[in-house]
Amino acid sequence: SILARLPAEIPPTVCVQHIPAVFSLAFAKRLDSICPFEVKEAEDGDEVRKNRVLIAPGGLQMKLVRRGGILRVCIEDSPPVNRHKPSVDFLFRSAVKELGDQAIGIILTGMGADGADGLVEMRRAGARTIAQDEATSGVFGMPREAIARGGAEAIVPLPDIPGTLAEWLSPKRRSA
């Protein structure tokens with residue numbers, strides 16, 4: 001719903017989805033077949049670069065790290081965070097450390113609170129943040145928690161998220 005509606009030229013993008021390991025590779029390949037940019041299941045050391053989306057492998061944690069001045073993903077078998085592996089909070093906290101106010105965090109439908117604290121940390125660091133609205137969420141748990149904790153700068157219906165991203169990323173908007 002979001003990635004397939006983005007233009008071919010996108011900023012570096014990383015995603016965590018609560019899915020089992022056996023599905024993350026197929027999910028990434030399916031997205032790669034319908035998106036105008038590269039989508040792949042992340043491997044340890046993959047470069048985070050424009051026109052590429054890295055999907056966290058199911059059953060593992062993914063974080064952002066700088067190695068030799070290049071932003072990369074680190075894939076590791078760390079313990080679950082908020083009972084999840086991969087965990088959104090695990091990724092968001094690394095985005096705060098490595099990118100600060102240069103990131104955009106988005107939390108979508110899901111059960112529980114994974115990602116809520118990380119989105120708060122991102123917003124406090126100056127990053128732009130979005131939570132999916134209740135009306136378009138299948139399960140409003142994760143967005144509700146992020147909103148309640150003050151992590152969401154904007155609460156956006158799912159179909160409008162690509163447009164909000166485009167607006168936030170437009171050169172005219174950034175220079176204003």
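Reader: How many aromatic pairs does the structure hold, and what counts as one?
Author: The structure holds zero aromatic pairs. A pair needs ring centres of Phe, Tyr or Trp (its six-membered ring) within 6.5 Å; planes under 30 degrees apart are stacked, over 60 edge-to-face, the rest tilted. This is a predicted model, where local features need pLDDT of at least 70, side-chain atom pairs need 80 or more, and totals for chains, interfaces and linings use all residues. Numbering starts from 1 along each chain as its sequence is written, and side-chain values use heavy atoms, without hydrogens and water.

Reader: What puts Arg128 over the face of Trp168?
Author: The rule asks for NZ of Lys or CZ of Arg within 6 Å of the ring centre and within 35 degrees of the ring normal. Arg128 is at 4.0 Å from the ring centre of Trp168. Arg128 therefore lies over that face.

Reader: Why is Val16 called buried?
Author: Its relative accessibility is 17%. Buried means under 20%, exposed over 50%, and partly exposed in between (1.4 Å probe, protein chains only). So Val16 counts as buried. Val16 sits in the loop between β1 (13–15) and α1 (21–34). Helices (H or I, at least four residues) and strands (E, at least two) are DSSP runs, numbered from the N terminus.

Reader: Which residues does Val16 touch?
Author: Beyond four places in sequence, Val16 touches Ala56, Pro86, Ser87, Val88 and Leu91. A contact is heavy atoms within 4.5 Å.

Reader: Is Cys74 buried or exposed?
Author: Cys74 is buried, since its relative accessible area is 11%.

Reader: How do you know that the span of α2 agrees with expectation?
Author: Take 1.5 Å times one less than the number of residues. For the 12 residues of α2 (residues 88–99) that gives 16 Å, and the end C-alpha atoms are 16 Å apart, so the two agree.

Reader: Which parts cover the buried residues of α2?
Author: The cover includes β1, β4 (61–67), β5 (70–76), β6 (104–107), α3 (116–124) and α4 (141–148). Among the buried residues of α2 are Val88, Phe90, Leu91 and Phe92.

Reader: What makes the approach of Ser87 to Asp89 a polar contact?
Author: The limit is 3.5 Å between N or O atoms; within protein, one must be able to donate a hydrogen and the other to accept it, and sequence neighbours count only through side-chain atoms on both sides. At the start of α2, a side-chain oxygen of Ser87 comes within 3.2 Å of the backbone nitrogen of Asp89.

Reader: What stands out in the backbone between β5 and α2?
Author: Most residues other than glycine have a negative phi, and most peptide bonds are trans.

Reader: Why is Asn82 called partly exposed?
Author: Its relative accessibility is 35%, so Asn82 counts as partly exposed.
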